[in-house]
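Colleague: Hi! Could you walk me through this one?

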Amino acid sequence: MATFFTADTHFGDAALVERRRRVFSSLEAHDEALIACWNARVGPEDEVWHLGDFAAHTSREHCAAVFSRLNGIKRLVRGNHDTNRVLALPWAEPPMESARIGLTDEAGRVWRLFLSHYAHRAWPGLWRETRHLYGHTHGCLPDTSRSCDVGADAWEYRPITLAEAVARQDGAVQVPEELSSRGLR
């Protein structure tokens with residue numbers, strides 16, 4: 001079983017698709033492409049942490065239809081567009097405002113993660129090497145050595161692995177202010 005992260009899929013969100021028009025010709029094309037990207041990476045037994053804004057401005061029926069087509073065991077960290085039509089979906093556990101989790105990579109290293117829809121400048125565990133994954137910014141904020149946007153816009157509309165997030169963070173030029181002021185990375 002693998003673990004993946006994503007955010008800001010905005011299924012059914014016609015206004016957002018207008019901003020993504022250079023990539024998607026219609027709302028239907030947008031939703032179908034994101035479903036295909038998700039299912040190409042995620043297997044039925046894999047876990048997906050969705051860090052908010054699963055869907056917006058669409059019906060409960062559309063949310064449920066999309067959700068049922070997506071592979072994996074799905075967990076939600078609530079975003080600003082995740083109203084009752086999204087919260088009522090059959091998530092693996094009740095949606096939460098943020099999460100602190102630990103994951104073991106293929107080499108056996110344990111990674112501590114703070115998951116939130118929103119980007120934080122400081123977060124629980126920053127000083128204990130906890131990495132921060134977030135959404136909401138649609139790829140507009142630069143990554144830091146300890147945080148990055150896992151949203152669809154930042155990753156070619158596909159869920160990502162922990163290794164991909166860590167590699168992007170390790171290659172980041174910026175360092176969280178609390179660390180850089182003390183000469184740390």
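This is a predicted model: local features need pLDDT of at least 70, side-chain atom pairs count only at pLDDT 80 or more; totals for chains, interfaces and linings use all residues.

Colleague: Great. Which residues of helix α3 are buried?

Modeller: In α3, which covers residues 60-69, they are Cys63, Val66 and Phe67. Looking down the axis of α3, these buried residues fall within an arc of 100 degrees, so they line one face of the helix.

Colleague: Why would residues a few places apart end up together?

Modeller: An α-helix has 3.6 residues a turn, so residues three or four places apart point the same way.

Colleague: And what do the buried residues of α3 pack against?

Modeller: They pack against α2, β3 and α4. The face turned away from the buried side carries the exposed residues Glu61 and Ser68.

Colleague: Switching topic: where is Asp46?

Modeller: Asp46 sits in the loop between α2 and β2. Asp46 is buried but has no salt bridge, and the nearest side chain of opposite charge, Arg41, is 8.8 Å away.

Colleague: So what does the side chain of Asp46 reach?

Modeller: It reaches the backbone nitrogen of Gly43 at 2.7 Å. The backbone nitrogen of Ala2 also lies 2.9 Å from a polar atom of the Asp46 side chain.

Colleague: Which residue does Arg41 form a salt bridge with?

Modeller: Glu164, with the closest N and O atoms 2.9 Å apart. That pair links distant parts of the chain, with Arg41 in helix α2 and Glu164 in helix α5, 123 residues apart. Glu164 also meets Arg158 in a salt bridge at 3.1 Å, and Arg41, Arg158 and Glu164 are linked in a network.

Colleague: How many salt bridges does the structure hold?

Modeller: It holds 9.

Methods:
Residues are numbered from 1 along each chain as its sequence is written. Side-chain values use heavy atoms; hydrogens and water are left out. Buried means under 20% relative accessible area, exposed over 50%, partly exposed in between (1.4 Å probe, protein chains only). Helices (H or I, at least four residues) and strands (E, at least two) are DSSP runs, numbered from the N terminus. The arc is that of the directions from the helix axis to the C-beta atoms. Contact means heavy atoms within 4.5 Å. Lys and Arg count as positive and Asp and Glu as negative; His and the chain ends are not counted. A salt bridge is a side-chain nitrogen of Lys or Arg within 4 Å of a carboxyl oxygen of Asp or Glu. A polar contact is a pair of N or O atoms within 3.5 Å; within protein, one must be able to donate a hydrogen and the other to accept it, and residues adjacent in sequence count only if both atoms are side-chain atoms.
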